[in-house]
Amino acid sequence: MVSRNQSGRAIWDDRAVSHLAELWKRLYSPAFIARILGLTVKTVGEAARRAGLPARTGLTLRTSCPSDDPFAVPENSTVAGQMVKKICRVTSRIFFVSPRDQKTVHCSLLGRRRLATYAAGFA
């Protein structure tokens with residue numbers, strides 16, 4: 001699901017981030033998601049942070065799939081309600097915000113970093 005570049009690094013395009021978000025909503029642990037995608041836990045955690053996926057502290061995370069299809073498990077309504085999908089105005093990639101930030105946040109974490117780089121004169 002996650003394509004890689006020539007050096008083997010994961011490429012988090014819109015399709016891969018959407019796939020990660022769907023697994024995230026179903027309360028799969030980062031370790032299980034990493035196993036499904038063939039990545040490291042650290043890579044999955046960093047991708048989730050950059051995409052703006054909500055923290056799931058206090059919720060019981062799944063470490064296995066009851067069937068062959070991980071999408072057969074229903075979404076958690078609490079986590080799904082905290083994820084509003086948006087398109088970054090700087091990078092044109094999808095990212096997620098909480099409903100309260102829906103009207104105020106228009107750039108992803110990577111978009112804000114890019115704007116800061118431009119403002120510092122390192123373009």
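This is a predicted model: local features need pLDDT of at least 70, side-chain atom pairs count only at pLDDT 80 or more; totals for chains, interfaces and linings use all residues.
A salt bridge is a side-chain nitrogen of Lys or Arg within 4 Å of a carboxyl oxygen of Asp or Glu.

**Salt bridges within a helix**

- Glu46 and Arg50 both belong to helix α3, where a spacing of four residues separates them by about one helical turn.
- Helix α1, which covers residues 14-25, holds both Glu22 and Lys25, three residues apart and so separated by about one helical turn.
- Glu22 and Lys25 form a salt bridge whose closest N and O atoms are 3.2 Å apart.
- Glu22 has a relative accessible area of 26% and is therefore partly exposed, whereas Lys25 is buried at 14%.

**A salt bridge between two loops**

- Arg26 and Glu75 also meet through their side chains, in a salt bridge with an N to O distance of 3.8 Å.
- Arg26 sits in the loop between α1 and α2 (30-37), while Glu75 sits in the loop between α3 (41-51) and α4 (77-81), so this pair ties together parts that are 49 residues apart in sequence.
- Arg26 is buried, with 9% relative accessibility, but Glu75 is partly exposed at 37%.
- Glu22, Lys25, Arg26 and Glu75 are linked in a network of salt bridges.

**The buried side of α3**

- Val44, Ala47, Ala48 and Ala51 are buried residues of α3.
- These four cover an arc of only 100° around the axis, which means that they lie on the same side of α3.
- Packing against the buried residues of α3 are α1, α2 and β4.
- Just after α3 comes Gly52, with a positive phi of about 80°.

**The nonpolar cores**

- The largest nonpolar core has 25 residues, and the members that touch the most others are Trp12, Leu20, Trp24, Ile33 and Leu53.
- At least two residues of this core come from each of α1, α2, α3 and β4.
- Helix α1 gives the largest share of this core, with six residues.
- Leaving out residues up to four places away in sequence, Trp24 touches Pro30, Ile33, Ala48, Leu53, Pro54, Arg56 and Val79.
- Another core, of five residues, lies apart from the largest one, and its members include Val84, Cys88, Phe95 and Cys107.

**A buried arginine without a salt bridge**

- Arg56, found in the loop between α3 and α4, is buried yet has no salt bridge.
- Why does Arg56 have no salt bridge? The nearest side chain of opposite charge, Glu22, is 12 Å away, and a salt bridge needs the nitrogen and the carboxyl oxygen within 4 Å.
- Beyond its neighbours within four places in sequence, Arg56 is in contact with Trp24, Leu27, Tyr28, Ser29, Pro30, Leu61 and Val79.

- Leu27 is not a glycine, yet has a positive phi of about 60°.
- Leu27 is found in the loop between α1 and α2, and its relative accessible area of 7% makes it buried.
- Ser92, also a residue other than glycine, has a positive phi near 60°.
- Ser92 belongs to the loop between β3 (84-87) and β4 (94-97).
- Is Ser92 buried or exposed? Ser92 is exposed, at 51% relative accessibility.

Key:
Residues are numbered from 1 along each chain as its sequence is written. Side-chain values use heavy atoms; hydrogens and water are left out. Buried means under 20% relative accessible area, exposed over 50%, partly exposed in between (1.4 Å probe, protein chains only). The arc is that of the directions from the helix axis to the C-beta atoms. Contact means heavy atoms within 4.5 Å. A nonpolar core is a set of buried Ala, Val, Leu, Ile, Met, Phe, Trp, Tyr and Cys residues joined through side-chain atoms within 4.5 Å. Lys and Arg count as positive and Asp and Glu as negative; His and the chain ends are not counted.
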